[in-house]
Amino acid sequence: MTSFNVGRFIVCPDKKLYGILIKIKEVKPAFLAKLASAAAEGNVDVLYFSYLKPLNLGEAGWSLAFLDFTESNITPKKFVKQIKQLEFLENVIELKPRIKGFLVDEASFPLVVGENRAVIIRDVGLKGLMFNIRRHVGSGAEAFLYFLGFEAGVEFAKEHKRLAGLLKIKDKLKIIRGIAPGLFMSMGYGAIRLLKLKEDPPYILQRIYRCIECEQGANTKKPFSHFIRGVISGFSTEIFGVKMFTRENKCIAKGDPYCEFETFSEEGGRARKILAKKRKG
């Protein structure tokens, strides 16, 4: 498995950077070939390229490119003028670096994932949110993170159900098995492996590899997840329609190779406690 860079900025010291945001009025397969051909002819190095074809006919498509003109035989201005002649382009917005070697897409806003507005929080920020805050608030921060995650999980589940409706999926387990793991990983939270999944009574046993929250608590020697644990609880509560609870049995923060989460209904949880007491007795 490889990482994927979703950043809309690039750092290349001493490089002659330039960016373009392209509005495409006529989206055809030839668009990519002609744009690549124009870059090759000018010896322009394409460092980053993002393109999403509109799903609905008549809508404009957008493409973002970060270019390196260090070894190019044409200027950025000349290159932009040249590609503006392509018949399928409606507009080209130029992105000029404020500082040499550092280029940011400041033309497209807000950031969206699907139909939802999004923000990107890097791990350096999450460390302050999920780890350092404990120093100031103590154990209360852990409860806050859990309930914050729970409410986020409820909203995530509502969006999953909306997507399931578009895909004509009504099976709750199919939503958990077929939609949730991919979206969870694509948003950077971790890689899910489902071990057990039942609807009656509702129960989930899953492993999460490289859990973003627990990586911030490396070497704390105890289960570290409260936010993600809350997300799972809130998500499963909304999907199953009954109050669910999640506990973390294994955690990379205490040296395990993965994090393992067990999710069950409150009724199921009480039954498990009774059985455990009987076994001890």
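Trainee: Hi! Which residues form a nonpolar patch on the surface?
Mentor: In this predicted model, the patch is made of F9, V11, I99 and F102, and together they have about 370 Å² of accessible area.

Trainee: Where does V11 lie, and is V11 buried or exposed?
Mentor: V11 is part of strand β1, which covers residues 9–11. V11 counts as exposed because its relative accessibility is 52%, and the cut-off for exposed is over 50%.

Trainee: Switching to helices, at what angle do α4 and α5 pack?
Mentor: About 115 degrees, with the axes 11 Å apart. Helix α4 spans residues 139–166 and helix α5 spans 172–186. The crossing is right-handed.

Trainee: And which residues meet there?
Mentor: From α4 you have H160, K161, L163 and A164, and from α5 I175, I179, A180 and L183.

Trainee: What salt bridge does K161 form?
Mentor: K161 pairs with E238, and the closest N and O atoms are 2.7 Å apart. That pair links distant parts of the chain, helix α4 and helix α7, 77 residues apart. K161 is partly exposed at 35% relative accessibility, and E238 is partly exposed at 22%.

Trainee: How many salt bridges does the count come to?
Mentor: 16. One of them joins the side chains of E115 and R162, at 3.6 Å from N to O. E115 sits in the loop between β7 and β8, while R162 is in helix α4, 47 residues apart.

Trainee: Which residues are linked with those two in a network?
Mentor: E159 is linked with E115 and R162 in a network of salt bridges.

Trainee: Last one: is E142 buried or exposed?
Mentor: Buried, because its relative accessible area is 18%, and buried means under 20%. E142 also forms a salt bridge with K222, with the closest N and O atoms 3.9 Å apart.

Definitions and conventions
Residues are numbered from 1 along each chain as its sequence is written. This is a predicted model: local features need pLDDT of at least 70, side-chain atom pairs count only at pLDDT 80 or more; totals for chains, interfaces and linings use all residues. Side-chain values use heavy atoms; hydrogens and water are left out. Patches are made of residues with over 30% relative accessible area and no salt bridge: like charges are joined within 9 Å, nonpolar side chains (Val, Leu, Ile, Met, Phe, Trp, Tyr) within 5 Å. Accessible areas come from the Shrake-Rupley method with a 1.4 Å probe; for residues, only the protein chains shown count as cover. A salt bridge is a side-chain nitrogen of Lys or Arg within 4 Å of a carboxyl oxygen of Asp or Glu. Helices (H or I, at least four residues) and strands (E, at least two) are DSSP runs, numbered from the N terminus. Buried means under 20% relative accessible area, exposed over 50%, partly exposed in between (1.4 Å probe, protein chains only). Axes are lines fitted to C-alpha atoms, for helices over the stretch in contact, and angles run from 0 to 180 degrees between N-to-C directions. A crossing is left-handed if the near helix is turned anticlockwise from the far one by less than a right angle, and right-handed if clockwise. Contact means heavy atoms within 4.5 Å.
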